[in-house]
Amino acid sequence: MQGFKLVYKYTQLLFVAILLSACGGSEQSIATDPVTVEYEMLYDLPKENISFNKEVLPVLENRCIACHGCYDAPCQLKLSSIDGVLRGSNKNKVYDGARILAADPTRLFVDAMSTEEWRTKKFSPVLYEKKAGENNNPVRNLEQSVMYQMLRLKQLNPQARTGLLAAEFDLGLDRQQSCPKLAEFNDYANKHANGGMPFAMPNLSREEYKTIVQWIAQGSPVEADLLPSSSAQKQIKQWEIFLNGKSNKQKLVARYIYEHIFHAKLHFENTEDREFYRLVRSATPGGEKVDVISSRRPYDEYKGSLYYRIVRHQGSIVAKQHMVYELSKQRMQRFEELFFDIDYEVAQLPAYTPAIASNPIKAFADIPAKSRYKFLLDDAKFYIEGYIKGPVCRGQVALNVIEDQFWIAFFNPDAEIISLNDDFLKKNADLLAIPAELGDTFNLLSVDLHYKDLFRDYVLQREQGNISHKTASVSEAMTHLWNGDKGSNKNAALTIFRHKDDASVNYGWLGDYPDTAWILDYPLLERIHYLLVAGFDVYGNVGHQLNTRLYMDLLRTEGESYFLAFVPVKTRQELRDSWYQGIRKSNKTDPGNARWLDVEFVTGYKTDNPQRELYQNIASHLGSAVGDGDFINRCDNDVCKRSKAKNVLRADIAMKKATKMDGEIIQFLPDVTFVRVLVEGKDDLAYTMIYNKAYKSVSNFLQQENVADGRDYEFDTQTILPWLEGAYPNFFYVVKIDEVEDFVEQYNAISNRIDYEIFVGRFGIRRTNEDFWLHADWFNQQYRREQPLRAGIFDLNRYQNR
């Protein structure tokens, strides 16, 4: 009330000043002085606190978290929770592949647990922080809030409402960031009048703006953290008992589970779709307040008692970090079956020293390899998604060594394969060391000078165990591949799409037949996780990040080599020569003097295209796990499943024609485009158009190299999916169902920039479009409809100005 009286008094004075100025002759009126707050917003300031969770957060989700939701949030300002808002901003970038020294981690809910702690880590407030004993003053709350000033700057300088944004808008991911503190804001505003928020996007609506401004004016009231639901509480207690057993076997299994799902959004059965939890290491046992142990990696040593605890996730869910792992009675029974219903001893627990802890083949050697492998296969998509969606996916660390579209299959855990033999793995565990054990290092060549030799020695040891195997027919060879437990597990076949420096993974084999494929065994799948998820530090120095990328090169060639082993020697050599060109040519020598390259393992191919034939045989063996034949992209017979809905089939048939556009013209299209097909009176349809680039080399050593040198534009292709795929849409198209054929015809007719401009003018949704947020909201809502549990807010940092 005191604050309202103050506002009223200020308003009276302002009114009197205006009246006096009208009679004041030539003297300058004080009304010409800039006003720093919008007083009209304070006249109807609600008496009751505006709810952050129910009123403010929905606005942030729809308008702000699209750019401020993850590691690459500008200025590290994460608006996905009240904790992130209160933490504020930091001028240091998280993503810096050239840093000489590692940066201090700044993970929300991990590396500091209070606003006071964040201030010691150089985070600056974006809201006014009231001092003890101060009255709540709405005017001061606004004047002293960087967040308000940023929003107001946008209102004062709205962007264009048609055409492209001006060239002064730098939309690059690595653009220079100002991150002004309050004392620096006026200078920032004078230099960057168009730098208000939302940056390079349409303004907030009046109601959205008013909600946030009045909340700030009220003093930014906060609510208590969300508590576990009653259903979750019971399950949390059961799981914490399970994960904190006293025997060596229980402790080892719990450690193994934690190091593989620490990054997950846990979901319990019989809880709300959007209710998620995290598994953390705590210094306190069950029944006490969780005291999260902060460590760079999940296997770092902690001096003291350690407990595995489950805490509720606070705030919004963003697509690029959302990896769901479900916990249930069936899951616990499966863990019992894999880890406790079999006979083995754990005489001594492994140390947490880097050389052991970073090498899961060594650290968990006492747990039978077959059990570990089945544990990973049960949720193979989740583990592949760990490096596809994790922090490693920003920039060039791992994704620039993979193709834009490829398929994955897995070896059968019940087949007689040397890499599943416990004695073999224990004997050769040292050869499976990865550079994550070095942590931050100044040795930029450790992979070439050390780990590549270990890798080659392992390949030779492994082939000695496999080389004696008898030649098998194609059908016999299929028994070495996991069929998802006879089709009951759809993780048996996966597709990865790379979208520049982001990627996505999905069930089934999607798109046209790819240039390359991976077949993974247990040691390979395990090392990928420990290299790129458990052992990767996004805050690490240049040596750590470079060695991670270089070793991932070796792991990629290992997965590709397994696939090549299934084709005839002649075809094998031809494929390797086509895959390993340009800079990637050096990968041909990665396995060293490998004899398997000249050995026939599989015979009986009947066509002159053994690679295509192998794909088809694997698909037949994997059955329903592969999918329904992909009517839009790959179907070449009448067996493929088609929609029975009239409008859906009409749109699918049109989109099938759009996949025919390929070659050099595709390079001018966005990497990932969302399409909304408007259907009057019925639910609209969603599609994703994915641009698959062809490469002479995917092993670019540095991002600064001329990209064109490694590209093969004439072999570029498209994949079109009848759902929303990827976390970073680059552009939106909106088309009416009655115009979908015209949309595809005009799309396929694009032959130059002018054609493309005309097409975008008719169907595209630019950043300047007045309906931009309307369609962005629809795509987020559609994602929730498609995947109620696994959907998250799309990131628009990469939305293009075209």
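The buried residues of helix H23 (residues 569-579) pack against helix H22 (542-564) and helix H24 (610-622), contact being taken as heavy atoms within 4.5 Å and helices as DSSP runs of H or I of at least four residues, numbered from the N terminus. In this predicted model, local features need pLDDT of at least 70 and side-chain atom pairs count only at pLDDT 80 or more, whereas totals for chains, interfaces and linings use all residues. Residues are numbered from 1 along each chain as its sequence is written, and side-chain values use heavy atoms, with hydrogens and water left out. Val569, Thr571, Arg572, Leu575, Arg576 and Trp579 of H23 are buried, that is, under 20% relative accessible area with a 1.4 Å probe and protein chains only. Seen down the axis of H23, these residues fall within an arc of 155°, taken from the directions from the axis to the C-beta atoms, so they line one face of the helix.

Asn541, in the loop between helix H21 (522-534) and H22, is buried, with a relative accessible area of 1%. A polar atom of its side chain lies 3.0 Å from the backbone oxygen of Thr441.

Two disulfides, defined as pairs of cysteine sulfur atoms within 2.5 Å, are found in the whole structure. Cys75 is joined to Cys179 with an S to S distance of 2.1 Å; Cys75 lies between helices H3 and H4 and Cys179 between H7 and H8, so the pair ties together parts that are 104 residues apart in sequence. Cys635 and Cys640 form the other, with their sulfur atoms 2.2 Å apart.

Methods. Buried means under 20% relative accessible area, exposed over 50%, partly exposed in between (1.4 Å probe, protein chains only). Helices (H or I, at least four residues) and strands (E, at least two) are DSSP runs, numbered from the N terminus. A polar contact is a pair of N or O atoms within 3.5 Å; within protein, one must be able to donate a hydrogen and the other to accept it, and residues adjacent in sequence count only if both atoms are side-chain atoms.
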